[in-house]
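Subject: Structure handover

Hello,

Please find the structure below. My notes on what was found in it follow.

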Amino acid sequence: MTRRIALSVLALVAALLVLAVVPLGISMSDRESDAFRGQTAATARAIAAAAEEQLSDHRSDADAAEQLSAAAARGGCAQVFDAHGAEVLSTPCRAVLPPGVLAQVLGSGRQQSVPRDGRLTLAVPIGDSLPPSGALVFSRSTDDLNDRLITIWSWLGLCGLGALGASVLVAVRLARWVGRPLADLDTAAGRLGEGDLEARAAVPQGPPEVRRLAATFNAMAARTENLVHGHRAVIADVSHQLRTPLTALRLRLDLLSADAEDDTTTQELARAQHEVARLSRLVDGLLAVARAENAVPRPAPVAVDEVIADRIGAWQPVAEERGVRLTAGGPGWLTAQLAVGDLEQVLDNLLANALEAVPDGGLVTIETGREPGRGEVLLSVVDNGPGMDDAAREHAFRRFDAGRPNGTGLGLAIVHRLVTANGGRVALEPTPGGGLTALLRLPAGPAASRGSRRERRAPRAGAAPPG
């Protein structure tokens, strides 16, 4: 922004200088040219007046010769011709006229001006009668005029450059005065967006509008910090307040179940224990969704194949216990750009849902690939369970809408939140032949060698622990 402001001011000043200096230079050049032609014509008329006394009045040519000598001393060239075109007097240098010009002057009595070869040549009639008594041809070099014009344009150019240099200083200071506070404000906004709730914009200088904007931003950041901290405190309080009575209720039900004497009471207590366990999972899922919504991801390169191998190893005992085959396939060395720990949590939730859905002897496969030309990593969790109809898939990522009879309906909501927060996409599709496929499109990260990879782990929430 600073550069754009400076360039805009410089462009405006440069345009104003061109509009002011160029017409002024043209005007001064025309004035100098007119003055040069006027001086040349005055000298020619003075010489012609002195020659008229010789040609018309038949007096001595002393005055005319003196005028010619003075003109020659100043670098001029002159020739005096009589009415028949015969040369009467001349300077050592001779003026050159195009053919026929002298005859036109002697015939019409009108002055002729011929600029040629760096000289201004005038053909002036001698006398007021018609035809004239003769003609004077006077030539003068334009070097003096050219030097004055060069001087004029040089001074104008220097003045323009000086003004442009001053405008550069003013533009840079103005741009920094406006741009630096905005850059500080942008930095503070970036830090706040990355999760630094204590980020504030320090703008002691700059335009009043920018200072007011910074003050408004700081007030907004402080309010956001208070709201987030308050929300987190509420989550912590809810977690503590709900888990404690649920634990106590579970213990009381266990005691009652141990003392039950008839089968009917035992069955009712078992159903109550099952609902309490489901309620506990629901509380844990709500807390996991809240944490996922409050978290601000900081993407980093994640080795997809290593994470998949790790999670398959963790869930393999659960799959074997239920008689489900758990496999993986696809190219290795894929790297996704995700927050550390998010892919593990996503896979845990998807595997938990898939293992719960497939029947004994079923199959759950994790497939990976690369989207050509889009810079995305494809990851699919495919099962051959009962699947979902179109309406269920449409509402699957909403809270409580995707739950199974014994579930909480929050696992896919957490998956959707984590994937989209990292810039990816997730969709549910029917598996050919029956079942459900969770297709994830994750931002691709830079390629990395195995030797440069270091395994990272972060706490996971929202999925049932394996085993």
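Helices (H or I, at least four residues) and strands (E, at least two) are DSSP runs, numbered from the N terminus. This is a predicted model, in which local features need pLDDT of at least 70 and side-chain atom pairs count only at pLDDT 80 or more, while totals for chains, interfaces and linings use all residues. Residues are numbered from 1 along each chain as its sequence is written, and side-chain values use heavy atoms, with hydrogens and water left out.

Thr 365
Strand E9, residues 363-371, contains Thr 365. Its relative accessibility is 15%, so Thr 365 counts as buried (under 20% relative accessible area; exposed is over 50% and partly exposed in between, with a 1.4 Å probe and protein chains only). Apart from residues up to four places away in sequence, Thr 365 touches Thr 327, Ser 380, Val 381 and Val 382 (contact means heavy atoms within 4.5 Å).

Disulfide
There is one disulfide (a pair of cysteine sulfur atoms within 2.5 Å). The S to S distance between Cys 77 and Cys 93 is 1.9 Å. The torsion about their S-S bond is about -115 degrees, so the disulfide is left-handed. Cys 77 is buried at 6% relative accessibility, whereas Cys 93 is partly exposed at 29%.

Cores
The largest nonpolar core has 41 residues, and Leu 343, Val 364, Leu 379 and Leu 440 have the most contacts inside it (such a core is a set of buried Ala, Val, Leu, Ile, Met, Phe, Trp, Tyr and Cys residues joined through side-chain atoms within 4.5 Å). Helix H8 gives the largest share of this core, eight residues. A second, separate core has 18 residues, including Ala 51, Ala 71, Val 80 and Ile 126.

Salt bridges
The structure holds eight salt bridges (a side-chain nitrogen of Lys or Arg within 4 Å of a carboxyl oxygen of Asp or Glu). One of them pairs Glu 225 with Arg 200 at 2.7 Å, N to O. Glu 225 lies in helix H5 (residues 208-259) and Arg 200 in the loop between helix H4 (143-193) and H5, so the pair ties together parts that are 25 residues apart in sequence. Arg 311 and Asp 348 also form a salt bridge, at 2.9 Å, N to O. This pair links helix H7 to helix H8, 37 residues apart, and both Arg 311 and Asp 348 are buried. In Glu 376 and Arg 425, the closest N and O atoms are 2.9 Å apart; Glu 376 is in strand E10 and Arg 425 in strand E11, 49 residues apart. Salt bridges that share partners join Asp 310, Arg 311 and Asp 348 into one network.

Regards
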